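Me: I have this one open in the viewer and would like to go through some local features with you. Could you take my questions as they come?

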Amino acid sequence: MSLRSTHIDRMRNGSFDTLIIGGGINGAVTAASLAGRGANVALVDRGDFASFTSQASSNLVWGGFKYLENYELWLVFKLCRSRNRLMRAYRDNIKQIGFYAALDEKGPYKPWFAAFGALGYWIIGLFGTNRPRLLSRDDIESEEPAINTKNVAGGIDYYDGILVDNDARFVFNFVRSAIEAGATAANYVEMVSATRSDNKWTATLRCVDTGEEFTTTASTIVNAAGPFVDKTNQQWGLTTEHRIVYSKGIHLVVPRLTTNNHHKVLAFYDDTERLFYVIPMGRRSVIGTTDTRVDTPYTAVDDADIDFLLDQINARMDLPTPLNRHDIIAERSGVRPLVVNAGKGDQKNVDWTKLSRKHAVEVDRSERVVTIFGGKLTDCLNVGEEVAAKIESLGVPLERDLHNWYGEPAKATRKEFFRQARLMRLDDLREKPETEPLSERLWRRYGRRAFAMLEEIRNDPRMAEDIMGSADYLRAELYSAAESEMVTRLEDFMRRRSKIELVVHDDDTNTSAGLREVAEILFGEDADHRLAEYFGGADLVPTAVRNGPTPSDVLA
């Protein structure tokens, strides 16, 4: 029986302290926090974990330098403190990164004033990063020739954090932590209805993959449905003090744009005087983001979005040839669920970019429901702790918080992993240019589970081979994902457990014979169905993929 089937079986007619609806960052961190303190927790999402808002971030862990424009000093202080805490807890997953901002002569701020703000940001952030510095035009020309300095007055270089892998994988790590602490979790399980009687909730759930319906009970519910929290509360007949409005943001993934600063974020003001960035992602660059008022959580990248970002970046960078649509490897679009007072109307006359990015946690004591409004990756630990406090106030007994429900394994465990990797010469097994050592990658992604991969590779060195060429994913990682990462559809792996869809062009994926082996490892006899599902039909599966080698062919 698969991990997902086992957990769905637990949910059937199960009884829990807390049922969490929504498996984005808010739901995942809540599950980890509650389970880590002894609560009996169930977590469901109607899609894959982190398959909506939480997979569309900028992958940045930051205190919100730009929020200083709105004088939200308390919010910036809290976010900087949260950033520092995450960077200490996830030293391999979250790295300090420089933000290299070029400021135009006609821009909203002079370089000296921006440098003063950066210094204040560093101080508010409790000196948790490297010290910022003021840049002259000559500094920028010599340090990053890819920036067009024709209209640049100077700039600043300040620091925040970045997720080395992708946002969705970071979210899933909290799901794994919750599972390891005893939580029950399943993706592709939607809530059909929920009613309250006899001091408990009875929820009817449906497996999206099979259509099966079943019931489960819980004494409390956490509404962590992200942009859908209002609709979910309405279904339960609840009224709240807060509500959500939507801001659309998009990113474009293109070949690397930087010349020298491959490990810095380039920052510019666009024509609307809003900051946008060029963010490193391995051998790629991510351009974004935008901030557009929308009335629906369902968004997509449109022609106007693409034209705007391409125009902005081409005007501010000195590239060998201007970027065009053919350079786009992947697109990302999502909404920011922004929190407003429920009684303040539609907010259409408000300066949209100045709406606060802070979250709110609200409790309905009579119905025993906790709702999370808004939220950011940076602030996730605070959200987990705040929700746990609310759940405890509703009478669910929790153990003392030892802060062991988050973070990477102990230093001694890390040291032992790298010792074993060194003795077996793991890093000598690959010679790809500009790729990190295998030992660092496996440890960062899997922690203690990486020891099992070392054993697999010792037994069969072919387990250390890349399974899809440029995708940078080992055969051993695939077998681990099949067993422990609840991959239900091929997109779950290609887009969220890994970032293959973000860094590998569709043309390369469609001609990769290794994708057949990926599907066989992940889904076994169901591989053909999942490939057809991924490509939109059995007749649309590329010939190279359909006829690719199977695991038995490769390992014969």
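Me: Where does N130 lie?
Reply: N130 sits in the loop that runs between helix 4 and strand 5, and please keep in mind that the model we are looking at is predicted.

Me: Is N130 buried, exposed or partly exposed?
Reply: N130 has a relative accessibility of 39%, and therefore counts as partly exposed.

Me: What is N130 in contact with, leaving aside its neighbours within four places in sequence?
Reply: With those neighbours set aside, N130 is in contact with Q96, W122 and Y159.

Me: And what separation do the C-alpha atoms of N130 and V361 have?
Reply: Their C-alpha atoms are separated by 33 Å, and the two residues are 231 residues apart along the chain.

Me: Let's go to helix 4 itself, then: what does it reach from its first C-alpha to its last?
Reply: Helix 4 covers residues 111-124, which is 14 residues, and it reaches 20 Å from first to last C-alpha, close to the 20 Å expected at 1.5 Å a residue.

Me: Which residues of helix 4 are buried?
Reply: The buried ones are P111, A114, A115, A118, Y121 and W122. They cover an arc of only 115° around the axis, so they lie on the same side of helix 4.

Me: What do those buried residues pack against?
Reply: The buried residues of helix 4 pack against helix 3 (73-89), and also against strand 4 (94-104), strand 5 (133-136) and strand 6 (152-163).

Me: Which exposed residues are on the face turned away from the buried side of helix 4?
Reply: That face carries W112 and F116, both of them exposed.

Me: What follows helix 4?
Reply: Helix 4 is followed by L126, which has a positive phi, near 60°.

Me: Where else does a positive phi turn up in a residue other than glycine?
Reply: Y71 is one of them, with phi near 60°; Y71 is in the loop between strand 3 (60-61) and helix 3, and at 70% relative accessibility it counts as exposed. Another is E273, whose phi is positive at about 65° although the residue is not a glycine. E273 belongs to the loop between strand 12 (264-269) and strand 13 (275-281), and with 46% relative accessibility it counts as partly exposed.

Me: Since you bring up helix 13, how many of its residues are buried?
Reply: Seven of the ten residues in helix 13 (residues 475-484) are buried, so this helix is largely enclosed by the rest of the structure. The buried residues are R475, A476, E477, L478, S480, A481 and S484.

Me: Changing topic, which residues does the cis peptide bond with omega of about 10° join?
Reply: That cis peptide bond joins G288 and T289, and T289 lies in the loop between strand 14 (284-288) and strand 15 (292-294).

Me: Last one: at what angle do the axes of helix 10 and helix 12 cross?
Reply: The axes of helix 10 (residues 411-423) and helix 12 (residues 450-459) come within 10 Å and cross at roughly 10°, and the two helices are therefore roughly parallel to each other.

Me: Which residues meet there?
Reply: From helix 10, T413, E416, F417, Q420 and A421 meet A450, F451, L454 and R458 of helix 12. By class, this contact has five nonpolar, two polar and two charged residues.

Conventions:
Residues are numbered from 1 along each chain as its sequence is written. This is a predicted model: local features need pLDDT of at least 70, side-chain atom pairs count only at pLDDT 80 or more; totals for chains, interfaces and linings use all residues. Side-chain values use heavy atoms; hydrogens and water are left out. Axes are lines fitted to C-alpha atoms, for helices over the stretch in contact, and angles run from 0 to 180 degrees between N-to-C directions. Helices (H or I, at least four residues) and strands (E, at least two) are DSSP runs, numbered from the N terminus. Angles under 35 degrees count as roughly parallel, over 145 as roughly antiparallel, 65 to 115 as roughly perpendicular and the rest as oblique. Contact means heavy atoms within 4.5 Å. Ala, Val, Leu, Ile, Met, Phe, Trp, Tyr, Cys and Pro count as nonpolar, Asp, Glu, Lys and Arg as charged, and the others, Gly among them, as polar. The expected span of a helix is 1.5 Å times one less than its number of residues. Buried means under 20% relative accessible area, exposed over 50%, partly exposed in between (1.4 Å probe, protein chains only). The arc is that of the directions from the helix axis to the C-beta atoms.
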